[in-house]
Amino acid sequence: MTTLRWGIASAGKISHDFVSALRALPANEHDVIAVAARQLSRAQDFAKLHEIKKAYDDYAKLAVDKDIDIVYIGAIHPQHFDIAMLMLKHGKHILCEKPLTMNLKQTTELINYAKNKNLFLMEAVWSRCFPVYDTIRKEIASGIIGDIHQVIVPFGFRMPDVDRVILKELGGGTILDLGIYCLQFACLIYDNEMPESIKASGFLNEDGVDMSMSATLTYKGNRTATIMTHALVTLSNEAYVCGTKGMIKVDKFWCPTKVELPSGTMKAPLPKLKHETNFINSAGLCYEAAEARDCILKGLTESPKVSHETSLLLAKLEDELRRQLGVVYSQD
């Protein structure tokens with residue numbers, strides 16, 4: 001298997017961006033076979049735009065399609081677990097949008113099931129696959145900024161009317177939508193170490209989901225990470241890694257095309273796409289698709305860049321932040 005054959009679960013905005021980015025990769029390495037949505041008309045419109053042969057009105061039809069190797073899940077958060085389990089039961093590899101599931105309980109069950117089936121499962125923390133992140137890893141490993149004692153990651157946009165953010169039934173809240181990006185960055189810098197303490201605060205909307213979260217994660221050795229999320233105001237959205245000998249600044253840290261290092265600025269431009277995208281720098285979604293293919297060709301069931309250990313840690317941290325703020329979902 002040299003050509004990875006994709007199925008797309010959900011015909012929404014992020015799926016559009018993902019398939020658009022996928023087209024930037026060699027056609028002999030990636031092929032989109034089918035798309036499924038709950039409404040056939042949406043799947044058909046998506047298929048026509050992206051020149052996909054098959055359109056289904058049921059995710060189950062995607063699951064049983066024998067021409068598909070891997071399924072990209074771009075549905076809303078609460079649907080991730082059920083769709084992923086369905087696809088795994090029918091022998092499909094999975095690249096699932098973040099958060100992988102709604103909580104640690106679901107994430108643990110999903111990962112264990114994928115391992116038992118010997119299938120590839122990756123949470124689509126696309127940030128980790130950007131070339132800039134490779135540079136950050138190397139820079140930290142070199143010791144050029146010295147001992148790291150502070151990570152600062154603010155992430156917020158004004159989106160008070162976006163349903164997927166403000167409604168509990170859609171898995172709303174900034175912790176799952178934005179906070180996961182802050183957490184994955186801190187976990188990257190501190191090598192998946194569990195904080196010794198977490199202190200979080202914020203406020204909820206009338207539907208009981210967080211519109212803002214600020215937290216301090218304290219690690220052994222006098223190290224901290226300060227993260228914040230917001231849905232009522234736009235924040236700077238720049239990440240800082242502060243060491244005893246210098247600092248790293250990452251603009252648009254969740255999808256960066258440049259990073260400011262002590263030695264200068266490193267740039268990594270994105271590929272050009274045929275279609276306009278819905279979100280910032282979505283062309284970079286091609287990096288996680290390429291990572292999935294590379295792993296599967298190597299016979300891996302998880303990505304070293306977004307390991308199962310990382311997904312479990314992220315879920316554990318998300319659960320704790322939600323607990324402190326008082327955000328509870330039906331899946332809990």
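Modeller: Two rings of Phe, Tyr or Trp (its six-membered ring) pair if their centres lie within 6.5 Å; planes under 30 degrees apart count as stacked, over 60 as edge-to-face and the rest as tilted. This is a predicted model, in which local features need pLDDT of at least 70, side-chain atom pairs count only at pLDDT 80 or more, and totals for chains, interfaces and linings use all residues. Residues are numbered from 1 along each chain as its sequence is written, and side-chain values use heavy atoms, with hydrogens and water left out.

Biologist: Which residues form one aromatic cluster?

Modeller: The cluster consists of Tyr-133, Phe-155, Phe-157, Tyr-181, Phe-185, Phe-253 and Trp-254. In the whole structure, the search finds 13 aromatic pairs. One of them joins Phe-130 and Tyr-287 edge-to-face, at 5.1 Å centre to centre and 70° between the planes. Phe-130 lies in the loop between β6 (121-124) and α6 (131-142), and Tyr-287 in helix α9 (residues 285-297), 157 residues apart; helices (H or I, at least four residues) and strands (E, at least two) are DSSP runs, numbered from the N terminus.

Biologist: Are Phe-130 and Tyr-287 buried or exposed?

Modeller: Buried means under 20% relative accessible area, exposed over 50%, and partly exposed in between (1.4 Å probe, protein chains only). Both Phe-130 and Tyr-287 are buried.

Biologist: Why is the pair of Tyr-190 and Tyr-219 tilted?

Modeller: The ring centres of Tyr-190 and Tyr-219 are 4.4 Å apart and the planes stand at 50°, so the pair is tilted. A charge sits over a ring if NZ of Lys or CZ of Arg is within 6 Å of the ring centre and within 35 degrees of the ring normal. Here Arg-223 lies over the face of Tyr-190, at 5.0 Å from the ring centre.

Biologist: How many residues has the largest nonpolar core?

Modeller: In soluble globular proteins, nonpolar side chains tend to be buried together. A nonpolar core is a set of buried Ala, Val, Leu, Ile, Met, Phe, Trp, Tyr and Cys residues joined through side-chain atoms within 4.5 Å. The largest here has 87 residues, and Trp-6, Phe-18, Phe-185 and Phe-253 have the most contacts inside it. Helix α8 (residues 174-189) gives the most to this core, with 12 residues.

Biologist: Where does this core lie?

Modeller: Domain bounds come from an automatic or database domain assignment. Domain 1 (4-126) and domain 2 (131-267 + 308-325) both give residues to the core, so it lies between them. The C-alpha centres of the two domains lie 26 Å apart.
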